[in-house]
Amino acid sequence: MIARYSSGLPALALLLSVALNLQSNPAVAYDARLRPQFDRLEYDTRLEEVCGTEVGLRISREQSGFVVNKVVADTFRNDVQIGNKIIAKGAAFRSQGKWYHLSFECETGPHHMDVHKMKYAVGDEIPRSQWVKHYLYD
């Protein structure tokens, strides 16, 4: 899924900004500085990005040995969005140059700006030989 700004600006700039914030300071990446960037995203894209950012922060904080700098919700199968909830059973995340399987469910408020409920499960490392097939990268 390609993110789009409602204002027409390239979404890649926002995604790069989010990734750099996660990489440089995972403990405070989702703070007030990201809210205006999330607000410019289309409604459904915002749900995916806010939840992806939050699950990355939680994994970094709660799981020893991980420093997440990228989450992709639909790596192995499409995510499902129902109202304020996203179910991503085929997700992946990158930590310290390696990719890992991830499954998460996230529910936000009505504007998709704040996470109300989150549960996730970290899976096994994804072998490098599968990266190209699933559009994963260094």
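Q: If buried means under 20% relative accessible area, exposed over 50% and partly exposed in between (1.4 Å probe, protein chains only), which class does Glu 125 belong to?
A: This is a predicted model, in which local features need pLDDT of at least 70 and side-chain atom pairs count only at pLDDT 80 or more, while totals for chains, interfaces and linings use all residues. Residues are numbered from 1 along each chain as its sequence is written, and side-chain values use heavy atoms, with hydrogens and water left out. Because the relative accessibility of Glu 125 is 41%, this residue counts as partly exposed.

Q: In which strand does Glu 125 lie, and which residues does Glu 125 touch beyond four places in sequence?
A: Strands (E, at least two residues) and helices (H or I, at least four) are DSSP runs numbered from the N terminus, and Glu 125 lies in β5, which covers residues 115–125. The C-alpha atoms of Glu 125 and Lys 98 are separated by 7.1 Å although the two residues are 27 apart along the chain. With contact taken as heavy atoms within 4.5 Å, and leaving out residues up to four places away in sequence, Glu 125 touches Lys 98, Trp 99, Tyr 100 and His 101.

Q: In what order do the elements run from the N terminus on?
A: The protein has three helices and five strands. From the N terminus on, the order of these elements is α-α-α-β-β-β-β-β.

Q: Is Thr 75 buried or exposed, and how far is a polar atom of its side chain from the backbone oxygen of Val 72?
A: Thr 75 sits in the loop between β1 and β2 (80–82), and because its relative accessibility is 12%, Thr 75 counts as buried. Apart from neighbours within four places in sequence, Thr 75 is in contact with Gly 90, Ala 91, Ala 92, His 134 and Leu 136. From the backbone oxygen of Val 72 to a polar atom of the Thr 75 side chain the distance is 3.4 Å.

Q: Gln 96 has a positive phi in a residue other than glycine; is Gln 96 buried or exposed?
A: Phi of Gln 96 is near 50 degrees, and the residue is placed in the loop between β3 and β4. Because its relative accessibility is 55%, Gln 96 counts as exposed.

Q: His 112 likewise has a positive phi in a residue other than glycine; is His 112 buried or exposed?
A: Phi of His 112 is near 60 degrees, and His 112 lies in the loop between β4 and β5. Because its relative accessibility is 0%, His 112 counts as buried.

Notes: Polar contact = N/O pair within 3.5 Å; in protein donor to acceptor, adjacent residues only side chain to side chain.
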